[in-house]
Structure formats: C-alpha cells, structure tokens
Amino acid sequence: ARARAFDGAMAAGGRLHGLTLAAGVDWSSSRRVCDVGGGDGTLLRTLLGLVPHVEGVLLDLPHVVAGAPPADRLTVVGGDAFEAVPAGCDTYVMVNVVHDWADDDVVRLFGSVRTAAPDGGRLIVVEAERAERPVDDIGGRTDLLMLVLAPGGRERRQDEMRALAEAAGWHVERAARLASGDLAYIMQ
C-alpha cells in the first residue's frame, strides 16, 4: 500500500512537471529526450503528448521501469545512471533527482550524462531552489525532507547548482522559473 501511494504521488508530480516543462522550455531543437531517473515515465509520456516531434528514452533502475506503461515514441531502459546513461539523445532531463544526493554523487550523475551527450547536447535539471535564508515554502520543506531521508541530499541555491554543473563539465546557460515554482537549469 505504501509503494502504491508513493508511486501515485510520483506520477502526479510527473504529470505536473511534464506540463510545466513543455510550457517553460524551448523544445524546438530537441529530437530525442532522455528522462534520467524518470520512474514509471509519467513525466516523459506527458511531455511526448505535448511535444509531438520528440522521441523519449526513459532510464531508471530495472525494477522501477519494469512497470512502466508503453507509449508511442518511448523507449524504456533499465539501468543505473551512475554507471551510464543512454547515448544518442540531444536532451537529458533530471527532475527532482539531484536533491536526493550528496555533492560528489551529483557530480558523478552529471558526469555520466556529460559522457553520453553529443557535442551541443543539453541537460535540463529541475529542482526547488533553496533560499539563502530559510523560509516556510515547498523548497524549505523539501530541503528538510531530504535532510532526513537522503544522507547528503538537499535542495541547493543557484550558485551551488552552477558549481556542481561546472565540476562535471556543464555550463548553466540559464535557470528558468517554471509555473510549478521550481527552477529548470538549462545546461550545455
């Protein structure tokens, strides 16, 4: 019952993020998008429904993607993003993945995507922004939750996210505020 409740919450969040990403990011140059750590693919299926010229690749642990519903233009891959991500995508997306991990692990994840991405490829990372001073908002609450549940995990300020990106060979071109309130860090 707990797993079903968790999966339902993640699917609802995936739909929300798929909608906000479709509206808040320019997808005109994207042809093949990989959702790294994308769970059952709800976000990617939502995005594919709104951006019809894009193909999708869903990557998550094998036991997670085993139950992913099929969809047109969607390839499902079971694997470990710390080891490798699928090559051949021009855009990689990580939504609410980074806040689960300590800095060294984030650099490893970003590096794994950097290795797979072609020249000119991009990485879009969606996370809540941690305020300089604590405030009672969703980012502050999620930051506290990550502190309790994920050793080393936390929400990050923009300067912290930029430093992690640069350590892995990425450059944050901009941070776009999405309708959800999260930031989409668009990296090349």
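Let me start with a cysteine. Cys89 is buried, with a relative accessible area of 1%. Keep in mind that this is a predicted model.

Which cysteine sulfur is closest to the sulfur of Cys89? The one in Cys34, at 4.8 Å. That is too far for a bond, because a disulfide needs the two sulfur atoms within 2.5 Å. Cys34 is buried as well, with a relative accessible area of 0%. Searching the whole structure turns up zero disulfides.

Next, helix α2. This one covers residues 42-50. Which of its residues are buried? Thr42, Leu43, Leu44, Thr46, Leu47 and Leu48.

Last topic: a helix pair. Two packed helices are described by the angle between their axes and the distance between the axes. Here the pair is α4, residues 103-116, and α6, residues 158-167. Their angle is about 50 degrees, and their axes lie 8 Å apart. Therefore α4 and α6 are oblique to each other. The crossing of α4 past α6 is right-handed.

Who touches whom? From α4 come Asp103, Val106, Val107 and Phe110. On the α6 side they meet Met161, Leu164, Ala165 and Ala167. By class, that contact has seven nonpolar residues, one charged and no polar.

To recap. Cys34 and Cys89 are buried, and their sulfurs sit 4.8 Å apart, too far for a bond. Helix α4 crosses α6 right-handed, at about 50 degrees.

Note on methods:
Residues are numbered from 1 along each chain as its sequence is written. This is a predicted model: local features need pLDDT of at least 70, side-chain atom pairs count only at pLDDT 80 or more; totals for chains, interfaces and linings use all residues. Side-chain values use heavy atoms; hydrogens and water are left out. Axes are lines fitted to C-alpha atoms, for helices over the stretch in contact, and angles run from 0 to 180 degrees between N-to-C directions. Helices (H or I, at least four residues) and strands (E, at least two) are DSSP runs, numbered from the N terminus. Angles under 35 degrees count as roughly parallel, over 145 as roughly antiparallel, 65 to 115 as roughly perpendicular and the rest as oblique. A crossing is left-handed if the near helix is turned anticlockwise from the far one by less than a right angle, and right-handed if clockwise. Contact means heavy atoms within 4.5 Å. Ala, Val, Leu, Ile, Met, Phe, Trp, Tyr, Cys and Pro count as nonpolar, Asp, Glu, Lys and Arg as charged, and the others, Gly among them, as polar. Buried means under 20% relative accessible area, exposed over 50%, partly exposed in between (1.4 Å probe, protein chains only).
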